[in-house]
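Hi everyone, thanks for making time. I'd like to walk you through one model this morning, so please have a look at the screen.

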Amino acid sequence: MSRKNSGFAADLAAGIDLTEESAAPRRSSIASNVLTGRSNRLADLASGAIVSRTHELVDPARCRMWSGHNRDYALLTEERCADLIESIKAQGRQEIPAIVRRLSGDDGYDFEVICGARRHWSISWLRAHNYPDFKFLVDVREIGDEEAFRLADLENRARDDLTDFERAKDYLRALTAYYEGRQKTMAERLKVSESWLTRYLDLARLPGELTIAFANPQELGIRNAIALKALLKPEDRRERAFQEAARLAAERERTGQSPSVLEVIKALSLAVDPPKKSGSPKKSGKAETVANAVGQPVLRIEGADRKGVRITLLNKGGATRQEAEEAIRGVLDQHWPVA
């Protein structure tokens, strides 16, 4: 070793104290952090600051739908679940767990599904169609029926794939099952307004004698319920609505053709309040507004006398041209009968 390097090594060694007294006790920072984190988490769990969830991968065949589930499981199809099926296939697994309750004393099933009917149906379908290794991911909860209803409603309220009709029927069932028919109490528990809840209950309460007019009542929305509810009073209008609904159902069965929801509502409205086809023209100066099935103004009959009939087309009222043509045809039938 050269003199220069020898001097450098000596200076370096001189700064090192190799005595036992100089060795400070060393504690692993990693171990310390792990123990501290574990201690903090146990404290949080004990205090309720953190809720531990149990997720399990189970056989969907061991799960049944809760009787209070807000989706009609029988209506689920490959088409209605197509987006979820493709997502599960792309991810290679179910990403969001379904919420279930554990069953005891049932040899056929281990769980009942509170939320997640589409996930259950999709996993079951995939297992039967070349993906037998997929499992059903569940979040096991211990909750009562009323809490289960609110939890399912909160999860599904913003979903487009749950129809207004399904949600409405679920609300009507829950009103009696959990809230003793007290609509105000139910609205408070769901954190919605009473008027909002009323619209869904009105849809659910539409009588079957009326909804048979529709090929698929599931397509009815709360806006349709407003127009349909108006057809049920007084009693004579109600009876005419039921008769027309039965006629439409029979015609659909005979022809195999299913008119749209709006077309059916229009037919029901015309049957309930048919246009007058006889009698002398009105001589009063009071205007009469003709509206479509959902209440949008189409035209206004300003007056009628010996000289003729004066009408104003309300083309900004929201009605369609076809509805205007039908309204004009109705005016012609009333005031200009075929010779």
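Predicted model: local features only at pLDDT ≥ 70, side-chain atom pairs only at ≥ 80, totals over all residues.

Let's begin with helix α11, residues 235–255, and helix α12, residues 261–272. Their axes lie 8 Å apart, and the packing angle is about 135 degrees. That makes α11 oblique to α12, and the crossing is right-handed. Which residues meet here? On the α11 side we have R237, R240, A241, E244, A245 and L248, and on the α12 side V264, A267, L268, A271 and V272. Sorted by class, this contact has eight nonpolar residues, three charged ones and no polar ones.

Now, α12 also has α10 as a partner: their axes come within 10 Å and cross at roughly 10 degrees. The two helices are therefore roughly parallel to each other. Here α10 brings N224, A227 and L228, while α12 brings V261, L262, I265 and L268. This contact has six nonpolar residues, one polar and no charged.

As a general point, nonpolar side chains in soluble globular proteins tend to be buried together. In our model, the largest nonpolar core has 44 residues, and M186, F214, L228 and L268 have the most contacts inside it. Among the elements that each supply at least two residues of this core are strand β4 (111–115) and the helices α10, α11 and α12. The most comes from α6, with six residues.

You'll have noticed L268 coming back: it touches α11, it touches α10, and it is one of the core residues with the most contacts. Thanks, everyone!

Conventions: Residues numbered from 1 in each chain as written. Heavy atoms only, no water. Axes fitted to C-alpha atoms, helices over the stretch in contact; angles between N-to-C directions. Helix = DSSP H or I, 4+ residues; strand = E, 2+ residues; numbered from the N terminus. Parallel < 35°, antiparallel > 145°, perpendicular 65-115°, else oblique. Left-handed = near helix turned anticlockwise from the far one by under 90°. Contact = heavy atoms within 4.5 Å. Nonpolar A, V, L, I, M, F, W, Y, C, P; charged D, E, K, R; others polar. Core = buried A, V, L, I, M, F, W, Y, C linked by side-chain atoms within 4.5 Å. Buried < 20%, exposed > 50% of the residue type's maximum accessible area, 1.4 Å probe, protein only.
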